[in-house]
Amino acid sequence: MAKTIISKTIKDINENPYVIKENGCAACHVLFTLSKEMKLNEQEASDLLSEILLSNPDLDFSFIEMVEYVHMKKRMMGTVFALRTREAKDKYIFSNFKNTLAELHSDLISHGPDIVLRKLLLTMISLETAKNIGIDHHASTEELYYFMRKNELESDGNIMKFINQLYQRIVSKENSK
């Protein structure tokens, strides 16, 4: 049932990208549709979406193509922000700054430093990718997750290797004091 909902939502977005309200995220639209129709919370829907995309390469590919179509071909997403006053921009940035720190703090308390570090690493990789190829962050994140699903063992191995090396450096530095 979930696979059918995801396929149908992708098809609907491709046929009419304006079903996504006010420059919303295409991937999030699929996620929220799945959540609503399956009566799942967002985390459960996110896990289910990832599981289905991981096990269905063709659907995964159509999902990422839909994200690219909406975020890269149909939109110019930075325009609305650029038209704001400097004061409005600063308020928006400050609000996001505080919310992000609060979210990371909550993750640290609930899930520990490994999850926070992994989240920070993936965000940086996604941002670097977005910057280097000139796409928005939502699209870059979906591209990264698509790549990681295809190369799961290697991706997870590289991330864990980096995390372990970072912890070793921290411990080494602490011991040298």
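Is alanine 130 buried or exposed? Alanine 130 is buried, with a relative accessible area of 8%, which is under the 20% cut-off for that class. The model is predicted. The protein has nine helices and zero strands, and 31% of its 177 residues count as buried.

**Overall architecture**

- From the N terminus on, the elements follow the order α-α-α-α-α-α-α-α-α, in keeping with a count of nine helices and zero strands.
- The C-alpha trace of the protein spans about 60 × 45 × 35 Å along its principal axes.

**The second largest pocket**

- The second largest pocket holds about 190 Å³ of space.
- Helix 1 (2-15) and helix 2 (26-38) are the elements that each give two or more residues to the lining of this pocket.
- Helix 2 gives the most to that lining, with six residues.
- The lining residues are Lys8, Thr9, Asp12, Val19, Cys25, Cys28, His29, Phe32, Thr33, Lys36 and Glu37.

**A nonpolar surface patch**

- Phe94, Phe97 and Leu101 form a nonpolar patch on the surface.
- Together, the residues of this patch have about 330 Å² of accessible area.
- Phenylalanine 94, one of the patch residues, lies in helix 6 (residues 86-111).
- Phenylalanine 94 counts as partly exposed because its relative accessibility is 48%, between the cut-offs of 20% and 50%.

**Salt bridges**

- A search of the whole structure finds eight salt bridges.
- In helix 1, the side chains of glutamate 15 and lysine 11 meet in a salt bridge, at 3.0 Å from N to O.
- Glutamate 15 and lysine 11 are four residues apart in helix 1, and are therefore separated by about one helical turn.
- Glutamate 15 is exposed, with a relative accessible area of 56%.
- In helix 6, glutamate 87 forms a salt bridge with lysine 91, and their closest N and O atoms are 3.3 Å apart.
- Glutamate 87 and lysine 91 are four residues apart, about one turn of helix 6.
- Both partners are exposed: glutamate 87 has a relative accessible area of 53%, and lysine 91 has one of 56%.
- In helix 7 (residues 113-133), the side chains of lysine 131 and glutamate 128 meet in a salt bridge, at 3.1 Å from N to O.
- Lysine 131 and glutamate 128 are three residues apart, so about one helical turn separates them.
- Lysine 131 counts as exposed at 56% relative accessibility, whereas glutamate 128 is partly exposed at 33%.
- Glu103, Asp107 and Lys119 are linked in a network of salt bridges.

**A positive phi angle**

- Lysine 39 has a positive phi of about 60 degrees although it is not a glycine.
- Most residues other than glycine have a negative phi.
- Lysine 39 is found in the loop between helix 2 and helix 3 (42-55).
- Lysine 39 is exposed, because its relative accessible area of 74% is over the 50% cut-off.

**Separation in sequence and in space**

- Alanine 130 is found in helix 7, the helix that also holds lysine 131 and glutamate 128.
- The C-alpha atoms of alanine 130 and leucine 144 are separated by 9.9 Å, and these residues are 14 apart along the chain.
- Lysine 91 lies in helix 6, and its C-alpha atom is 30 Å from that of histidine 111.
- Lysine 91 and histidine 111 are 20 residues apart in sequence.

Key
Residues are numbered from 1 along each chain as its sequence is written. This is a predicted model: local features need pLDDT of at least 70, side-chain atom pairs count only at pLDDT 80 or more; totals for chains, interfaces and linings use all residues. Side-chain values use heavy atoms; hydrogens and water are left out. Patches are made of residues with over 30% relative accessible area and no salt bridge: like charges are joined within 9 Å, nonpolar side chains (Val, Leu, Ile, Met, Phe, Trp, Tyr) within 5 Å. Accessible areas come from the Shrake-Rupley method with a 1.4 Å probe; for residues, only the protein chains shown count as cover. A salt bridge is a side-chain nitrogen of Lys or Arg within 4 Å of a carboxyl oxygen of Asp or Glu. Buried means under 20% relative accessible area, exposed over 50%, partly exposed in between (1.4 Å probe, protein chains only). On a 1 Å grid over the protein atoms alone, a cavity is a set of points where a 1.4 Å probe fits but cannot get out, and a pocket is an open set with protein on both sides within 12 Å along at least five of seven lines; lining residues have an atom within 4 Å of a point. Grid points are joined across faces, edges and corners, and a volume is the space filled by probe spheres set on the points.
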